[in-house]
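Please look through the sequence and the model shown here before reading on. The report then takes up selected local features in turn.

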Amino acid sequence: MARETIYQQSDSDDDDRPESSPAEVSSPAEVPRSEASGEDNKLRPKRMREMVGQRDVIERLQIAIDAARHRSEPLGHILFDGPPGLGKTTFATVIPNEMETVVQFANGAGLKAPKDLIPYLTNVSEGSVLFIDEIHRLPRSVEEYLYTAMEDFRIDIVLGEGVNARTLNLDLRPFTMIGATTRAGMLSGPLRDRFQIREHLGFYPIEDLAEIVQRNSRKLNIPIDAESATEIARRSRGVPRVANNRLLWIRDYAQSKAGGAIDLDVAQRAMDMIAVDRLGLDKQDRAYLQTLVRVFAGGPAGIEAIAHTMNCSSDTLEDEVEPFLLRYELIVRTRRGRMATPKAYEHLKTAS
Ligand SMILES: Nc1ncnc2c1ncn2[C@@H]1O[C@H](COP(=O)(O)OP(=O)(O)OP(=O)(O)O)[C@@H](O)[C@H]1O
Ligand SMILES: [Mg+2]
């Protein structure tokens with residue numbers, strides 16, 4: 001009886017399931033706020049050839065995509081890791097387009113129990129993509145449930161409870177899982193090993209960011225010269241999302257205060273107004289350095305203590321603030337905690 005019900009359900013799902021698109025299968029709650037805005041979507045590349053930088057990653061993915069298409073097989077599972085704003089979601093949007101298939105978006109934070117995964121897994125069509133953002137936030141039980149789904153395209157569903165419980169073995173259509181995480185270290189070994197392709201996204205050099213700024217000003221229909229594009233790039237902390245946000249603000253500033261075009265003077269004045277300094281640090285970055293230097297006498301200080309003093313979450317600091325400060329050698333991480341470097345003292349002196 002129960003058996004019939006579930007098969008009927010999944011059959012009828014099949015029959016009247018429209019060719020799903022990302023918008024149809026993802027609920028707004030699953031899309032991070034910064035990625036849900038219209039402007040962000042407009043600037044996000046849709047195809048691989050529109051992406052700037054990360055050449056080695058793109059080249060390897062292109063080979064895997066070509067080979068999979070050649071064999072008419074789904075692409076192997078892919079894991080992207082790296083700090084926020086470097087293109088993980090962008091890759092997850094671009095790859096299904098290159099494969100000419102559809103994608104479902106899910107977020108690790110929203111998948112609290114195996115049952116939350118079932119609709120996504122039973123919805124996959126042959127060769128389609130299931131994207132799980134923030135995959136490090138999956139609870140262990142959900143993670144374990146994914147193992148057979150990813151490896152054998154099969155899941156077990158338990159129907160009923162107690163003595164009446166029975167297990168139903170369900171075959172899934174072969175699909176591609178794309179996982180994204182800012183914390184690769186938090187993934188368990190078995191989950192990480194089930195991704196055939198693992199790519200780390202690093203910060204972008206200034207030339208790549210300047211190219212992104214130039215392309216996006218064309219999309220936004222706002223004139224900009226090369227010098228200004230480079231200045232915006234230089235103050236964007238190696239992150240495309242930051243470059244886009246700076247550009248959108250400078251566009252507003254230019255339209256309101258400077259007749260619409262962006263030149264070096266306009267770009268600098270606009271960035272000064274939002275307190276982005278010449279290294280690209282914003283208020284929060286400087287507040288971190290100031291806390292470390294003034295309150296903790298330069299450290300070593302634990303991340304939780306710094307977060308409490310700043311009244312923000314340690315996750316935000318670890319994900320969004322520290323990667324750049326570490327890369328610019330403004331802080332170091334030691335076993336006893338974070339420490340400010342002489343460069344940080346120097347920078348605070350000139351920036352304040
Ligand atoms: N290689 C690229 N070329 C051009 N633009 C890019 C590239 N990578 C990212 N971007 C731009 O940066 C924005 C942010 O990228 P994306 O949303 O993919 O970051 P993310 O790694 O998923 O970040 P998060 O960890 O916060 O989810 C995109 O909307 C896109 O416009
Ligand atoms: Mg993302």
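Which residue takes a positive phi in the hairpin of β4 and β5? In this hairpin, which has six residues between the strands, G160 takes a positive phi near 75°.

## Basis of the report

This is a predicted model, in which local features need pLDDT of at least 70 and side-chain atom pairs count only at pLDDT 80 or more, while totals for chains, interfaces and linings use all residues. Residues are numbered from 1 along each chain as its sequence is written, and chains are lettered from A and ligands numbered from 1 in the order in which they are written.

Strand β4 (residues 154-159) pairs with β5 in the antiparallel sense over six bridges; helices (H or I, at least four residues) and strands (E, at least two) are DSSP runs numbered from the N terminus, and two strands pair if DSSP finds at least two bridges between them. Within this pairing, I157 stands opposite L168 in β5.

Strand β5 (residues 166-171) is hardly covered, since the count of buried residues among its six residues is zero. A residue is buried if 20 or more other C-beta atoms, placed from the backbone, lie within 10 Å of its own, exposed if 12 or fewer do, and partly exposed in between.

In helix α13 (residues 264-273), the residues V266, A267, A270 and M271 are buried. They cover an arc of only 125° around the axis, which puts them on the same side of α13; the arc is that of the directions from the helix axis to the C-beta atoms. The cover over the buried residues of α13 includes α11 (226-234) and α12 (240-257).

The face turned away from the buried side of α13 carries the exposed residues D265, D272 and M273. Just after α13, A275 takes a positive phi of about 60°.

## The crossing of α15 and α16

The axes of helix α15 (residues 303-310) and helix α16 (residues 314-327), lines fitted to C-alpha atoms over the stretch in contact, come within 8 Å and cross at roughly 105°. The two helices α15 and α16 are therefore roughly perpendicular to each other, a term for angles of 65 to 115 degrees, on a scale from 0 to 180 degrees between N-to-C directions. The contact (C-beta atoms, placed from the backbone, within 7 Å) is made by I303, E304, I306 and A307 of α15 together with S314, L317 and E318 of α16.

## A113 in its loop

A113 lies in the loop between β2 (103-107) and α7 (114-123) and is exposed, with 11 other C-beta atoms within 10 Å. Leaving aside residues up to four places away in sequence, A113 touches S141 and V142.

Terms used:
Angles under 35 degrees count as roughly parallel, over 145 as roughly antiparallel, 65 to 115 as roughly perpendicular and the rest as oblique. Two residues are in contact if their C-beta atoms, placed from the backbone, lie within 7 Å.
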